[in-house]
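Please open the model in your viewer and keep the sequence panel beside it. The stops below say what to select next and what is there.

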Amino acid sequence: MGKTLKNEKLSLILFLTLWMTYCLVAMTRNTASAAIATIVDEGIMTKSQAGLITAMFYLVYGILQIPGGMIADKYDSEKLIRIGLIGSAVSNAVIFINQSYPVMMAAWMFNAISQFALWPAVFRIISSQIAKNHRKIAVFYISIATSAGTALSYVVTVAVPKWQDSFLFSAIIAVVMAVIFNRVYRYMVEFMVEDTDEKITGEVTNHKLTKWQMFAGSGLLLILPVSLIREVVNSGLRSFAPVMLMESYNHVSPAIGNLFNIIIIISGIVGIVFVRSFLYPKRIKGELTGWLVSFGIALPFSGLMLLLGKTSVLVIVVFLSVIYAFMSAAFLFSNAWTQKFHKYGCEGTVAGIINGLACIGIVISSYGFGALAETTSNWHSTIWVWIILLAISIVLIAVASVMWRRFNKVNETKGENGSAQKL
């Protein structure tokens, strides 16, 4: 049984500190991505070299999220977050000093390694240590922290005199947040008490299940490929929308394409806010039902994308924005569902696995969609891949939702009888 804050004022302060920390972490890990255009324009690196730095970050980061999640379930969350912040500070500082390709590649891979357990640790604090009635709304706000931090990284890159200065700024910010979060968290720990409201379950039959058997019984193993697919579509859309529009419409310049892409990215935040304000949990009670709705809306709009080049570019931007909005909203439902695994004592593990697969999805989309478009000489093949992937996801989610309802119902019954145990 873990400790939690009962004082709502202290809980709010802790969460605000946590949100700011993760938002700025998102900023510091996107510094390289935000600077790519300038780096390539100055001839420091080729497009493939600059892109490979980002891809290698997410490949290493994604793989390490799985063991990172398991570690986050067992060790001090504050220390894991501090390791990530300090590692990010070191990585950014190294690049500020030396911008050679090998050094930047090594530094950014070190950045990925240092953040191996940061997100699972953040999610574990939200799921178990802030006040109980703050946890659901906290999942909503933490879902937009990544988007806010990513946008901030681009703002900083534009605002500083030289692109190298953005790495110095990120290094300083990471160190400052490491100190602030350490002080705030250590202060809050003194006021945490045993969480007597926790309902710990974990046994759905007469035999004790292993953690991985529980994952299979809950439908999680069907949701994992869906998590990867969601990010493949989302990241591919975000990365290639400007090129897609430029190559399909002669009057769309690179500047206009990037402007349209900003609108699409903002629609992701709008989608999360819209779903939280009007659909969840007012009209949509179950998180996996929310996934079905999100993917179900995105699918027909992906079909409409086959009109690319045949209808107005503004109409296509609307289609892309709707897809991106509901794929982003699915991230909110994913976080809310992951939070349910707190009562089984493995929310950090689940958060790490899902986040890791999402990162692998970024790597796949970064190279897969670009290569597919070049091979087929048009973007309709990419759109058909989106349609097929979304259709497969809907089937997997539907099956997983049935498994989850059955699993959860049996578990709650066992918990009420006092027979279930924490794994």
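Select proline 281 to begin, which lies in the loop between α12 (254–279) and α13 (287–304), where helices are DSSP runs of H or I with at least four residues, strands are runs of E with at least two, and both are numbered from the N terminus. Show the backbone here, for tyrosine 280 and proline 281 are joined by a cis peptide bond with an omega of about 5°. This is a predicted model, in which local features need pLDDT of at least 70 and side-chain atom pairs count only at pLDDT 80 or more, while totals for chains, interfaces and linings use all residues. Residues are numbered from 1 along each chain as its sequence is written, and side-chain values use heavy atoms, with hydrogens and water left out.

Next, select helix α11 (residues 220–248) and pick out serine 227 within it. Serine 227 counts as buried because its relative accessibility is 4%, buried meaning under 20% relative accessible area, exposed over 50% and partly exposed in between, with a 1.4 Å probe and protein chains only. Apart from neighbours within four places in sequence, serine 227 is in contact with Trp291, Ile354 and Ala358, contact meaning heavy atoms within 4.5 Å.

Stay on helix α11 and move to valine 232, which has 5% relative accessibility and therefore counts as buried. Beyond its neighbours within four places in sequence, valine 232 has contacts with Gly361, Ile364, Ser365, Phe369 and Leu389.

Which residues have the most contacts inside the largest nonpolar core? They are Leu245 and Phe341, in a core of 128 residues; such a core is a set of buried Ala, Val, Leu, Ile, Met, Phe, Trp, Tyr and Cys residues joined through side-chain atoms within 4.5 Å. Then centre on phenylalanine 341, whose contacts, neighbours within four places in sequence aside, include Met214, Phe215, Leu220 and Trp404.

Finally, zoom out to the whole protein, which has 16 helices and two strands. Its C-alpha trace spans about 65 × 45 × 35 Å along the principal axes, and buried residues make up 54% of the 423 residues. Among contacts between residues at least 6 apart in sequence, 86% join residues at least 24 apart.
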